[in-house]
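Please keep the sequence and the model at hand.

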Amino acid sequence: MNIKKFTSFSLTSTLLLIIILLATVFQSRDMQNDIHEKERQRFISLLLAQELFQSSEDLTRMARAYVVTGDPIYKDYFFKILTIRNGEAPRPLDYTTTYWHLEGIGKATATAQGETISLKNLIRRAGLSADEIALLRESQLNSNKLVALEKQAFAAIEGLFDNGHGEYI
């Protein structure tokens, strides 16, 4: 083998290896982007599930506080939480899990109001899988059943009772 053939073979081999290396790098980058997107989706689904859980916890806490103390501020907080979750009131921009804990003791900071959108629509918009949406929908239905029970407790505290048609008199 002479030098010309060896150089040509080495150059061809090197170019082939560089092409393979570049293809591997681009494939690796695509895989990394896919992983990043899946992790972002997972994080969003966790945030939405946490918000649903926290809103249910906050609703129950406010209902208990109202029933025990009779202080109407807790009933107001209850319905504010519910209207935010149902998309009937704007969401605070800094709507963290401690928002209603701080609001309940008068320590909440003034926060700007954000978009008026229900938690159900946030879940739809997030692009979650059908299984995730079904589980979150089931959780929200269970929470809404608890809300109905808590509203009955409010009515009982106020001396109102169901007339059999869903109206409290």
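Predicted model: local features only at pLDDT ≥ 70, side-chain atom pairs only at ≥ 80, totals over all residues.

Q: How are two packed helices described?
A: The description consists of the angle between their axes and the distance between the axes. Axes are lines fitted to C-alpha atoms, for helices over the stretch in contact, and angles run from 0 to 180 degrees between N-to-C directions. Helices are DSSP runs (H or I, at least four residues), numbered from the N terminus. Here, helix α1 (residues 3-69) packs against helix α2 (residues 72-85) at an angle of about 160 degrees, and their axes are 8 Å apart. That makes α1 roughly antiparallel to α2 (angles over 145 degrees count as roughly antiparallel, those under 35 as roughly parallel).

Q: What is the handedness of the crossing of α1 and α2?
A: A crossing is left-handed if the near helix is turned anticlockwise from the far one by less than a right angle, and right-handed if clockwise. The crossing of α1 and α2 is left-handed.

Q: Which residues make the contact between α1 and α2?
A: Contact means heavy atoms within 4.5 Å. On the α1 side, the contact is made by L52, S55, S56, D58, L59, M62, A63, A65, Y66 and T69. On the α2 side, P72, Y74, K75, Y77, F78, I81, L82 and R85 take part. By class, there are 12 nonpolar, three polar and three charged residues in this contact (Ala, Val, Leu, Ile, Met, Phe, Trp, Tyr, Cys and Pro count as nonpolar, Asp, Glu, Lys and Arg as charged, and the others, Gly among them, as polar).

Q: How do α2 and α5 pack: roughly parallel or roughly antiparallel?
A: The axes of α2 and α5 come within 12 Å and cross at roughly 155 degrees. The two helices are therefore roughly antiparallel to each other, and α2 passes α5 in a left-handed crossing. K75, F78, F79, L82 and R85 of α2 meet Q140, S143, N144, V147, E150, K151 and F154 of α5. This contact of α2 with α5 divides into five nonpolar, three polar and four charged residues.

Q: At what angle do the axes of α1 and α5 cross?
A: They cross at roughly 10 degrees and come within 10 Å. That makes α1 roughly parallel to α5. Residues of α1 in the contact include L52, L59 and Y66, and those of α5 include L136, V147 and F154. By class, the contact of α1 with α5 has 12 nonpolar, six polar and two charged residues.

Q: How many residues does the largest nonpolar core have?
A: A nonpolar core is a set of buried Ala, Val, Leu, Ile, Met, Phe, Trp, Tyr and Cys residues joined through side-chain atoms within 4.5 Å. Buried means under 20% relative accessible area, exposed over 50%, and partly exposed in between (1.4 Å probe, protein chains only). The largest nonpolar core has 14 residues, and L59, M62, F78 and W100 have the most contacts inside it. The elements giving two or more residues to this core are α1, α2, α3 (99-104) and α5 (130-157), and α2 gives the most, with five residues. Another core, of 10 residues, lies apart from it; L48, L119, I123 and L128 are among its members.

Q: Is T60 buried or exposed?
A: T60 lies in helix α1 and counts as buried, at 14% relative accessibility. Leaving aside neighbours within four places in sequence, T60 is in contact with L146 and E150.

Q: Where does G114 lie, and which residues does G114 touch?
A: G114 lies in the loop between α3 and α4 (119-125), and is partly exposed at 24% relative accessibility. Not counting residues up to four places away in sequence, G114 touches P90, R91, P92 and L93. Of these, R91 is placed in the loop between α2 and α3 and counts as buried at 10% relative accessibility.

Note on methods. Residues numbered from 1 in each chain as written. Heavy atoms only, no water. Parallel < 35°, antiparallel > 145°, perpendicular 65-115°, else oblique.
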